[in-house]
Amino acid sequence: MSRHFTAIPLFIGDILWATMVYFIVRFLFIRKKIKIVALISLLFCYAIEFSQLYKAPWIDSLRHTLFGRLVLGETFLWGDLLSYTVGIIIGVFVEKLICRLDKTYEVSKTS
């Protein structure tokens, strides 16, 4: 989506994608520690990015579909790794903020 608006830098989409991955992994591993969820998310994002170095006709044809572009991407960029890291950090920060607000709500509710 961010690629359609020239006012939005391209890396914003990568940051949002990584944040989405973090929350999907959190949903799947709800009882795991935040560090583990962040690590799994980061490894997944990095694996997808490094997979872009693999060039074979079957995967390149998949990358030319909408699904392939959104999930697998098309070209390897070192900057994307930084964007994914920032996106995961944002996910961790948002989760911690939500947990802190939830605890505050629970305390005020019982008072």
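In which helix is Glu49 found? Glu49 belongs to helix 2, which runs over residues 34-51. The model discussed here is predicted. The chain has five helices and zero strands, and its pattern along the sequence is α-α-α-α-α. With a radius of gyration of 17 Å, well over the 13 Å that the globule rule gives for 111 residues, the chain is more spread out than a compact globule.

**Overall form**

- The C-alpha trace of the chain spans about 65 × 35 × 20 Å along its principal axes.
- Of the 111 residues in the chain, 30% are buried.
- The chain exposes about 8,100 Å², and carbon and sulfur atoms supply 75% of that area.
- Among contacts between residues at least 6 apart in sequence, 58% join residues at least 24 apart.

**Helix 2 and Glu49**

- Helix 2 contains 18 residues, and the distance from its first C-alpha to its last is 25 Å, close to the 26 Å expected at 1.5 Å a residue.
- The buried residues of helix 2 are Val37, Ala38, Ser41, Cys45, Ile48 and Glu49.
- Seen down the axis of helix 2, these buried residues fall within an arc of 100 degrees, so they line one face of the helix.
- Lys35 and Leu43 are exposed on the other side of helix 2.
- Glu49 has a relative accessible area of 0%, and it counts as buried because that value is under 20%.
- Leaving aside neighbours within four places in sequence, Glu49 is in contact with Thr75, Phe76, Leu77, Asp80, Leu81 and Tyr84.

**Glu74 and its loop**

- Glu74 lies in the loop between helix 4 (66-71) and helix 5 (78-110).
- The relative accessibility of Glu74 is 37%, so this residue counts as partly exposed.
- Not counting residues up to four places away in sequence, Glu74 touches Gln52, Lys55, Arg63, His64 and Arg69.
- Glu74 and Leu62 are twelve residues apart along the chain, and their C-alpha atoms are separated by 9.7 Å.

**Salt bridges**

- Side chains of opposite charge can pair when their charged atoms come close.
- The structure holds two salt bridges.
- One of them joins the side chains of Arg26 and Glu95, with an N to O distance of 2.9 Å.
- This pair links distant parts of the chain, with Arg26 in helix 1 (residues 10-28) and Glu95 in helix 5, 69 residues apart.
- Arg26 and Glu95 are both buried.
- Arg63 forms a salt bridge with Asp60, and the closest N and O atoms of this pair are 3.0 Å apart.
- Both Arg63 and Asp60 lie in helix 3 (residues 57-63), where they are three residues apart, about one turn of the helix.
- Is Arg63 buried or exposed? Arg63 is buried, with a relative accessible area of 2%.
- Asp60 has a relative accessibility of 23% and therefore counts as partly exposed.
- Besides its salt bridge with Asp60, Arg63 is among the residues that Glu74 touches.

Key: Residues numbered from 1 in each chain as written. Predicted model: local features only at pLDDT ≥ 70, side-chain atom pairs only at ≥ 80, totals over all residues. Heavy atoms only, no water. Helix = DSSP H or I, 4+ residues; strand = E, 2+ residues; numbered from the N terminus. Buried < 20%, exposed > 50% of the residue type's maximum accessible area, 1.4 Å probe, protein only. Contact = heavy atoms within 4.5 Å. Expected span 1.5 Å × (residues − 1). Arc of directions from axis to C-beta. Rg over C-alpha atoms; globule rule 2.2 N^0.38 Å. Areas by Shrake-Rupley, 256 points an atom, 1.4 Å probe, with all protein chains shown as cover. Salt bridge = Lys/Arg side-chain N within 4 Å of Asp/Glu carboxyl O.
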